[in-house]
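These are my notebook entries on one structure, kept in the order in which I looked things up. I begin with a single residue and then step back to the whole chain.

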Amino acid sequence: MTVAITPDTTNNALTNTGISMPSAHGEEDVEAGLLAIMRKYLKSPDAAWTAQTTMEEAQVDSLDLVEIVFEIEERFGVEINFNANSRPVSEMNFGDVVQMIHASLASKARAA
């Protein structure tokens with residue numbers, strides 16, 4: 001999966017210019033929601049991020065990622081199964097986070 005994340009010069013926000021997957025969360029799609037959250041933590045928001053961009057490349061540290069997970073849980077109404085000790089945060093990428101959200105949304109839908 002390749003999702004290019006580039007700056008939107010019309011409103012200085014990050015936009016997803018790649019694939020779009022509707023979520024069970026209504027009209028908001030997962031990638032756009034994640035980008036809205038991530039925008040607060042990116043040290044270089046003008047870079048062209050992809051799904052393969054690691055948290056290390058984006059300069060997102062483990063504390064940032066924990067805060068991001070809390071915001072994701074609140075925004076999407078899901079519980080993310082995230083353990084910062086199971087895999088180095090520096091090796092995680094944006095695609096991994098999107099997959100965690102989709103997995104949590106699917107689990108929530110099955111439980112409903």
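**Entry 1: a serine**

Is S104 buried or exposed? I looked up its relative accessible area, which is 9%, so S104 is buried; here buried means under 20% relative accessible area, exposed means over 50%, and partly exposed lies in between, with a 1.4 Å probe and protein chains only. S104 has its place in helix α3, residues 94-111, where helices (H or I, at least four residues) and strands (E, at least two) are DSSP runs numbered from the N terminus. Not counting residues up to four places away in sequence, S104 touches V78, E79, I80 and N81, a contact being heavy atoms within 4.5 Å.

**Entry 2: what kind of model this is**

I noted that this is a predicted model, in which local features need pLDDT of at least 70 and side-chain atom pairs count only at pLDDT 80 or more, while totals for chains, interfaces and linings use all residues. Residues are numbered from 1 along each chain as its sequence is written, and side-chain values use heavy atoms, with hydrogens and water left out.

The score pLDDT is the predictor's confidence in each residue, from 0 to 100. The protein chain averages 75, and 74% of its residues score at least 70. Confidence is lowest in strand β2 (residues 13-16), with a mean of 38, and highest in helix α2 (residues 62-76), with 92. Over residues 1-27 the pLDDT is below 50, although this stretch has 62 contacts in the model beyond near neighbours in sequence. I reminded myself that where pLDDT is low, the predicted coordinates should not be read in detail.

**Entry 3: the chain as a whole**

I counted three helices and two strands in the protein chain, and along the sequence they follow the pattern β-β-α-α-α. Of the 112 residues, 41% are buried. When I looked at contacts between residues at least 6 apart in sequence, 59% of them join residues at least 24 apart.

How many of the nine residues of α1 are buried? I found eight, which leaves this helix mostly covered; among the buried ones are L35, A36 and I37. G33, which sits in α1 (residues 30-38), has a relative accessible area of 0% and is therefore buried.

Next I looked at how α1 meets α2: they pack at an angle of about 135 degrees with their axes 10 Å apart, where axes are lines fitted to C-alpha atoms, for helices over the stretch in contact, and angles run from 0 to 180 degrees between N-to-C directions. That makes α1 oblique to α2, because angles under 35 degrees count as roughly parallel, over 145 as roughly antiparallel, 65 to 115 as roughly perpendicular and the rest as oblique. The contact is made by V30, G33, L34, A36, I37 and M38 of α1 together with I68, E71, I72, R75 and F76 of α2.

I then turned to α1 and α3, which pack at about 125 degrees with their axes 10 Å apart, and this angle makes α1 oblique to α3. On the α1 side the contact is made by V30, E31, L34 and M38, and on the α3 side by F94, V97, V98, I101, H102 and L105.

V98 is found in helix α3 and is buried, because its relative accessible area is 7%. Leaving aside neighbours within four places in sequence, V98 is in contact with V30, E31 and L34. V98 and E31 are 67 residues apart in sequence, yet their C-alpha atoms are 6.7 Å apart in space. For V98 and G33, which are 65 residues apart along the chain, the C-alpha separation is 9.8 Å.

**Entry 4: α2 against α3**

The axes of α2 and α3 come within 12 Å and cross at roughly 35 degrees. I listed L65, I72 and F76 of α2 and V97, I101, L105 and K108 of α3 as the residues that make this contact.

Most residues other than glycine have a negative phi. Q59 has a positive phi of about 60 degrees although it is not a glycine. I located Q59 in the loop between α1 and α2, and with a relative accessible area of 46% it is partly exposed.
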